[in-house]
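Welcome! Take a look at the picture before reading on.

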Amino acid sequence: MAKIVRHLAAMAAVVLLGGLLSATLVRLAPGFEVDEQQLDARLSSESVQALRQARAGDRNIVRFYLHYLGRAMRGDLGESRTLNRPVRELLSERLPVTVRLAGLGLLAGWLCAVLLAVGATMARRAACDLAATLLGGIFLSMPAAVLALLFVYANAPACLVIALVVFPKVFSYTRNLLARSYESPHLVTAYAKGVGPLRILLWHVLPVTGAQLLAVAGISVSIALGAAIPVEALCGIAGIGQLAWQAALGRDLPLLVNLTVLVTVITLAANWGSEFAGQSFKTSAA
Amino acid sequence: MRRVRQFAWLLLALTVLASLGAGVWAPADYAMQFREVPNSPPSHQHLLGTDELGRDRFSRVLYGTRISLLMAPAAALLSTLLATLVGGVAGYLGGWWARAAMGATDLFLSMPWLFLLLVVRAMMPLNVAPVTSVAVTFLLLGLLGWAGSARVLCAGVRSLHDSDFVLQARASGLHELRLLAIQVLPNLKPVLLAQFWISIPVFIISEANLGILGLGVSEPLPSWGSLLREMESFTSFGFEAWKLAPLVLLVLVVSSFQIILSQEEVYA
């Protein structure tokens, strides 16, 4: 229990610092106080002054952040400057889209990676191993944005891009883990005694490697979220990845701070969730 | 596998040589426009055709490769130095220093790499001179990419700090700085080299992603990212495969790094 409380406290501290870091970066950016609207010749001097006043509230970054935190406690996440809509509304609209995209991508990526890694390791043929490694290597060398563009031209589902970004990393980790596991003396003995490959996999390999694989699950969530930015921006999917891109280009401080906090919460929760799942799996397997 | 590694080294060496000699081998300057032949197919004059502004694509690929292949290792060097500083100090001093450094590392690692990069790059001026945009892009990659390596180095320094030979050296009266310089750092060389190699392909791919999103190197200067951005305006690939030359080169070079990397990892 104390461990969970400690983890939650550390998570809250990292999230708060992450939000402050993003707010500070935006505030320090050159040209932060200049609004494109101020250059509109049709605006009167009073309107330009009103626009400057609206930005002036954000000048003191600590005051802005404390004010933001106070409002966030009451459920008010502020208003997006570039989209002129409440941030809460934008996030609740777009988060499910990204969760579905990244979730399907993660599922497909993990399925392909684990199946191919198990197949390549169990086949015990250099040609199979080389073919699988080459396939993983090609996708590992492809920028997510290029894959997204190729999928746009091919009219293929965008979640497959996330799958192809996640696949090589999970595949290479799983393959190395399985290869090391299959080389252990008790498995060599089991093979020599004629124990079936499926039994070896289910009874001896997976219980040992399962915990380590679960630990990687958290990292793959972070990879999928990162890949969602170019995928959504280039495939025209209205998720939080596209929103992050728009917010970054528009230097939309309220939106960027909220997105940083949200993404940090998701990544940390995924990391610690997978860590706990891995530990529980290890305990139950033992 | 040895043959594959030798081939990877050869490919990498040839690409580096070709890009370094871009000024000699390129038939035209990267920004020179042949306005009478925009979007032309490959010919004797233009080996990979021209882009929609009439610029020789082969020349742009050579110059773009030079920028990506010179700047990515420079950014990797910067991030490895930062990681050595943060991870080394944290691992060597331990206690409060280690907790603070690892807290900062956690903060950087808690955000997806591309998200962090996108936010910070967008905060920099976007309408800068092309040369400045190269410096800004790769400087950011180097300044933000240290966290993962710092964690590895901290663990490496920690284990060395507690090792018998360091204890003996300390007991024999060796000064801490000298101990760090002649005993600890040389033993970390394989780890540092591995972290440096790991960072290069990561930075090349990150620059490509940023370039395609319009946040990388500015026109007319080419880099793999800005060259790949051209893909957005393609109408078909089937009969114009030469347009994919930058992508093929990027995949080959990054794959070569991955193949060589596995060897470096073994050494580490």
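What percentage of the 268 residues of chain B count as buried? The answer is 46%. Please keep in mind that this is a predicted model. The points below begin with chain B and then turn to one of its helices, α4(B).

**Chain B overall**
- The secondary structure of chain B consists of 12 helices and zero strands.
- Reading from the N terminus, the elements therefore go α-α-α-α-α-α-α-α-α-α-α-α.
- The C-alpha trace of chain B spans about 75 × 45 × 30 Å along its principal axes.
- Looking at contacts in chain B between residues at least 6 apart in sequence, you will find that 70% join residues at least 24 apart.

**The length of helix α4(B)**
- Helix α4 of chain B covers residues 95-109, which makes 15 residues.
- At 1.5 Å a residue, α4(B) should span 21 Å, and this agrees with its end C-alpha atoms, which are 21 Å apart.

- Ala101(B), Thr105(B) and Leu109(B) are the buried residues to look for in α4(B).
- These residues sit on the same side of α4(B), because they cover an arc of only 80 degrees around the axis.
- An α-helix has 3.6 residues a turn, so residues three or four places apart point the same way.

**What covers helix α4(B)**
- The buried residues of α4(B) are covered by elements including α3 (57-93) and α7 (147-161) of chain B.

Definitions and conventions: Residues are numbered from 1 along each chain as its sequence is written. Chains are lettered from A and ligands numbered from 1 in the order in which they are written. This is a predicted model: local features need pLDDT of at least 70, side-chain atom pairs count only at pLDDT 80 or more; totals for chains, interfaces and linings use all residues. Helices (H or I, at least four residues) and strands (E, at least two) are DSSP runs, numbered from the N terminus. The expected span of a helix is 1.5 Å times one less than its number of residues. A residue is buried if 20 or more other C-beta atoms lie within 10 Å of its own, exposed if 12 or fewer, and partly exposed in between; C-beta atoms are placed from the backbone. The arc is that of the directions from the helix axis to the C-beta atoms. Two residues are in contact if their C-beta atoms, placed from the backbone, lie within 7 Å.
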